[in-house]
Amino acid sequence: MKNTLYIFSLFILAFTTSCTKDFEDINTNPNAPNTVQPSLLLRQVIYNFGDEMSYEGFVAGDLLSQHRTALDFNLFDRHALKSPQLGGNPWPIFYTNLRDNEIIINQSRSISTFQVYEGPALILKAYMTAGLTDLFGDVPYFEAFNGINGTVTPVYDSQESIYTGENGILENLDNGIAAIQNYSQNIPLEGDILFNGDLSAWVKFANALKIKALLRISDKIDVSADLQAIIDQGDYITTNTENAVFNFTNSDPNSFRLAQLRVGDFNNFVLSQTMENILLDYSDSRINTFFRPFANSNSQEFNGLINGIDASSTSIALADYSLAGTAFREDTSVLDANFITAWEVQFALAEAAQKGLITANAEELYNNGVTLAFEYWQTPMPTDYLTGNADFNAPGTTPLQQIITQKWIANLINGYEGWIEYRRTGFPELNPISASLNNNLIPVRMPYPAEEEALNAENYQAAASATNDNSINFPVWWDEN
């Protein structure tokens, strides 16, 4: 009897041991992996961020910068920024992609065969972080991307520390460049839809971003030596073939988002009166690329609408206003998701030269920027364009105004860049909106979203108190305008 019990016990032990040994294999779904290859994540981060922010740029950023205006669902256009409608809450776009990008960084540092991803991922982190803090000011950053092993209620860090602190924007760009330059293996960078695995292009991208970041904080910190060092080295984006962009296609799912939505959503957005006035003043042929003549026109004319109408009490006929051009709906293959371009860099350098931050010819850089911007938008530049009202030294304007206005024109749909540059410089001069819900003030920051108050209450309250109750009229750190 004892032998029988012993044998039975061994059988049970062997059975349970076998079950325990195979437990993970049996209970793991092969169709739901718990790790993701960095090549797949890199492609996902680049595409998702570019796609989402291009859409945000069209339906929200262009309203704040007065490139376009909205006919309906336009509380955002009236500057009720805490009431996003068709767009206007980019917070989750930033944090979702920064979280996924952090996984790439961790993998690159823990698995030897993934080291090639460290530099590009650090550069992307700097790029997305700059966009986030430029919109909102102080944000969760240093504790924000490691919820599994850290806190799920991160504190809000100061914009100054995010730009200039350890593991902040500028240091991540430097570290990203160093990681690429020190990389000695021959494993290719896969999933790179910006530069097709060209690591030298990532270095140019990082230096272009450094120029942009240094200029953005130049009213707070002396950045002249750092800027001049980049210029002297010359390893940054200088031509449109080097741009950090990826092309949309002409068919789903990789076409521009507005081409995928119902026509009523697309028709909600028309030419802003501000944009119309500036383009016509310059006799700017890009108006034919950006917009189309209004339907009721008898002579292919364009007509813009003042921003921020009260749609509940104002009757508007769509046929009287200019819709976006065919590149934004019928033929999105000519449209890019734009991270940074040669023309943006040239305008930044022109401003730096004009302010005496670098030694260079500001007018030459400006003219290069204008030429590259027309080329980028695939529009022939009139032969007399740079000798008319767009002349660097045109009467009634200033070189700085010309530089920023030209950058503003070309930044159509590029996230919220036009509005950010307006906040930083005061150019171009934006018009008062029709029916303001912000006491006729143009906002100078995005508000923290409602979900932060619910999910990160204590830290949100501290950040809200520091911004006058989460006010959209409270300037961010670098804003000295």
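Biologist: Why are α8 and α9 called roughly antiparallel to each other?

Modeller: In this predicted model, helix α8 (residues 199–216) and helix α9 (residues 224–233) pack at an angle of about 150°. Angles run from 0 to 180 degrees between N-to-C directions, and those over 145 count as roughly antiparallel, so α8 and α9 are roughly antiparallel. Their axes, lines fitted to C-alpha atoms over the stretch in contact, are 10 Å apart.

Biologist: Which residues make the contact of α8 and α9?

Modeller: Contact means heavy atoms within 4.5 Å. From α8 come Asn-207, Lys-210, Ile-211 and Leu-214, and from α9 Asp-226, Leu-227, Ile-230, Ile-231 and Gln-233.

Biologist: What makes Arg-257 count as buried?

Modeller: Buried means under 20% relative accessible area, exposed over 50% and partly exposed in between, with a 1.4 Å probe and protein chains only. Arg-257 has 17% relative accessibility and therefore counts as buried. Beyond its neighbours within four places in sequence, Arg-257 is in contact with Asp-51, Glu-52 and Tyr-55.

Biologist: Which residues touch the most other members of the largest nonpolar core?

Modeller: A nonpolar core is a set of buried Ala, Val, Leu, Ile, Met, Phe, Trp, Tyr and Cys residues joined through side-chain atoms within 4.5 Å. The largest has 140 residues, and Phe-58, Trp-202, Phe-205 and Phe-328 touch the most other members. Helix α3 (residues 38–64) gives the most to this core, 13 residues.

Note on methods
Residues are numbered from 1 along each chain as its sequence is written. This is a predicted model: local features need pLDDT of at least 70, side-chain atom pairs count only at pLDDT 80 or more; totals for chains, interfaces and linings use all residues. Side-chain values use heavy atoms; hydrogens and water are left out. Helices (H or I, at least four residues) and strands (E, at least two) are DSSP runs, numbered from the N terminus. Angles under 35 degrees count as roughly parallel, over 145 as roughly antiparallel, 65 to 115 as roughly perpendicular and the rest as oblique.
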